[in-house]
Amino acid sequence: MKNCWEIMKCGREENGENVKEMGVCPAALSNEFDGVHNGHAGGRFCWTITGTLCHGKPGGTFAEKFLTCLTCKFFKYVQDEEERNFNVTPTQAKVNIKCKLLNAK
């Protein structure tokens with residue numbers, strides 16, 4: 001399972017080739033969505049994170065960029081891999097994370 005920076009080749013992952021120019025992508029930094037869809041940080045849930053690249057430019061909030069994300073090849077890649085376990089919204093992901101933690105006990 002690959003993270004967005006591995007598929008999209010943005011170079012904004014930690015130590016990536018575009019970090020000096022554009023900064024580390026917020027999806028590549030440790031955040032509340034670490035582990036969603038088995039990704040590192042928010043790397044498999046980037047469509048919900050403000051400031052990720054959309055068509056080469058930093059995108060806005062989840063609500064502002066979501067329609068664009070629906071046509072993104074990475075969004076479709078994760079959707080295809082996750083099938084019935086696919087979380088579209090932050091609320092869905094948080095509920096599923098809590099369920100996993102409760103079931104692990």
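1. Buried means under 20% relative accessible area, exposed over 50%, and partly exposed in between, with a 1.4 Å probe and protein chains only. By that cut-off Asn-3 is buried, at a relative accessible area of 9%. Asn-3 sits in the segment before helix H1 (4-8).

2. The model is predicted: local features need pLDDT of at least 70, side-chain atom pairs count only at pLDDT 80 or more, and totals for chains, interfaces and linings use all residues. Residues are numbered from 1 along each chain as its sequence is written, and side-chain values use heavy atoms, without hydrogens and water.

3. What surrounds Asn-3, apart from neighbours within four places in sequence? Gly-39, His-40, Gly-43, Arg-44 and Phe-74 are in contact with Asn-3 (heavy atoms within 4.5 Å). For His-40 there is a specific distance: a polar atom of the Asn-3 side chain lies 3.0 Å from the backbone nitrogen of His-40.

4. Now the fold. The protein chain has 5 helices and 2 strands, in the order α-α-β-β-α-α-α. These are DSSP runs (helices H or I, at least four residues; strands E, at least two), numbered from the N terminus.

5. Burial applies to 37% of the 105 residues. Of the contacts with a separation of 6 or more, 47% join residues 24 or more positions apart. The C-alpha atoms fill a box of roughly 45 × 25 × 20 Å along the principal axes.

How values were computed:
A polar contact is a pair of N or O atoms within 3.5 Å; within protein, one must be able to donate a hydrogen and the other to accept it, and residues adjacent in sequence count only if both atoms are side-chain atoms.
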